[in-house]
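Hi,

Here's the structure I promised to pass on. Have a look at it first, and then read my notes below.

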Amino acid sequence: MGPRRSCDDRSVTSPQQTPEPHGHDQDHSPHGHGSAHGSHRSHGSHGSQGSHGSHGHGPAHGSHGHSHSHGPALPVSRHLRRVIAAILIPFATAVVVGLVVLWPGGTPPHERTGVGFDRQTEQGKVVAVQHVDCASVNAGQVPPTGDTSTPSGREAVNAQQGECAKATIEVTSGPEKGRTFTEIVQPDAPRQLHEGQGVVVAYAPDAPRDLQYSVTDVNRKLPLAVLAGIFAVAVVVVGRMKGVMALIALVVSFLILTFFILPAILEGSNPLVVAVVGSSAIMLIALYMCHGLSARTSVAVLGTLISLLLTGLLGSVFIGWASLSGNTDDNTGLIHGLYPDIDMSGLLLAGVIIGSLGVLDDVTVTQTSAVWELNQADPGMGPRALYRAGIRIGRDHIASVVNTLMLAYAGAALPLLLLFSIAQSSMGTVANSELVAEEIVRTLVGSIGLVAAVPLTTVLAALVVSADRKGAEGRPGTDIGKPAAVRGGRRRRAK
């Protein structure tokens, strides 16, 4: 490596120096590095890699302004564009065809069961709360036996003791808006009501009039809306225009999930096929919308696609091998009861694919960007050097993300894990239960796809950058390897 030269060193030029015809002092060697004029040209040296960031502030030589800024080696050669297009255009066409063929006509109707989420609900408001003796409002219950050794016995005793809340609820939506009813809240109930609180009430038209309405939950729309607003502001403030595009992509992803994936599965389409088509559409829209229509993004798309295929294959094998039915709780049982034709194990596999997509997008985009930036920092690096440097970054990413996935599951399933701990079940028993085994398979299959995405995307990006640079060397008029002259000393970011 030649001696380092600061911007001030480059500003000292000999009076005898003659500027080149176009005012550019760039070196047209295969590495595309700028060099000094005349006798100041450094032979056999690329200069300092660490000084590339300051090249954009190079001073003007005489009356000819010049920047030493090095933009990314843009893969714009026709050959590579054709290769990438030959892969992605048929894939995108297949996704569009799949959307058209599988597009549902809407959620199939069914008769409400009145169980769980399958209930008619309205909005309500607590207009008054009175505190009364529990014995007076629970007089119709079976008298307690006094035995508190069982949960039912303790509940019966508590129902006759203490002070209960007698809440008057007003229905604020629906055909019977303005109607009021009474809700008794026990002193040990996990959810207490207070005056002015918004609530969600269930409506059972076939029940006796006094029992048609009951409080099922509280109204959380305002705090959730405020939290969503804070999130959106944070994304836009930090991400600026890319943050705006990310929010738009998030909305599009939600629309595809709501209006295509869910209704198509309910209509009886194969959950795996629907998930693959829907996830591919989300991937194409989100990545290109957030990161631009460029070869860099296309490499990330290819890496994500290959990793998704691997994730789907592994998920299919191990869900079948472990005999996971996908029907493990009240919600999945209700779905199976309402729509018995839905393949619940296929629904589980679809959830694995959709859940893996979000993490894969992050990894593939990060790895692709890392390789592009490494090539920008040292355009002389070959594909092997780029891969080795990129994979070192990827290993750090893997080490943190894998631990994150495990902790995320443990946090979400903490009440379940506590229940197993109370039952003094062994780790083998806990892991063998279908409820936990589903999450183990989901987490491990997604993690394997995540780990595989790092080397796959890194090698694709290294090959694309290197092949394009080699194809562009020595050809006049190409944008590859050519320093990007910009004003004000700021480098032009290119995809």
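H6 and H9 cross in a right-handed way. This is a predicted model, by the way. Helix H6 covers residues 271-291 and helix H9 residues 344-377, and the two pack at an angle of about 20° with their axes 9 Å apart. Angles under 35 degrees count as roughly parallel, so H6 is roughly parallel to H9.

Sorted by class, the contact between H6 and H9 has 14 nonpolar, three polar and one charged residues.

Next, the aromatic rings: I got a count of four aromatic pairs. Tryptophan 103 and phenylalanine 260 have ring centres 5.6 Å apart and planes at 25°, so that pair is stacked. Tryptophan 103 sits in the loop between helix H2 and strand S1, and phenylalanine 260 belongs to helix H5, so the pair ties together parts that are 157 residues apart in sequence. Phenylalanine 260 is buried, at 0% relative accessible area.

Then there's phenylalanine 318 with tryptophan 321: the ring centres are 5.7 Å apart and the planes at 35°, so this pair is tilted. Both lie in helix H7, three residues apart, which is about one turn of the helix. Phenylalanine 318 is partly exposed at 35% relative accessibility, and tryptophan 321 is exposed at 68%.

One last thing to look up: Phe181, Tyr203 and Tyr213 are linked into a cluster by ring pairs.

Cheers

Note on methods: Residues numbered from 1 in each chain as written. Predicted model: local features only at pLDDT ≥ 70, side-chain atom pairs only at ≥ 80, totals over all residues. Heavy atoms only, no water. Axes fitted to C-alpha atoms, helices over the stretch in contact; angles between N-to-C directions. Helix = DSSP H or I, 4+ residues; strand = E, 2+ residues; numbered from the N terminus. Parallel < 35°, antiparallel > 145°, perpendicular 65-115°, else oblique. Left-handed = near helix turned anticlockwise from the far one by under 90°. Nonpolar A, V, L, I, M, F, W, Y, C, P; charged D, E, K, R; others polar. Phe/Tyr/Trp six-rings, centres within 6.5 Å; stacked < 30°, edge-to-face > 60°. Buried < 20%, exposed > 50% of the residue type's maximum accessible area, 1.4 Å probe, protein only.
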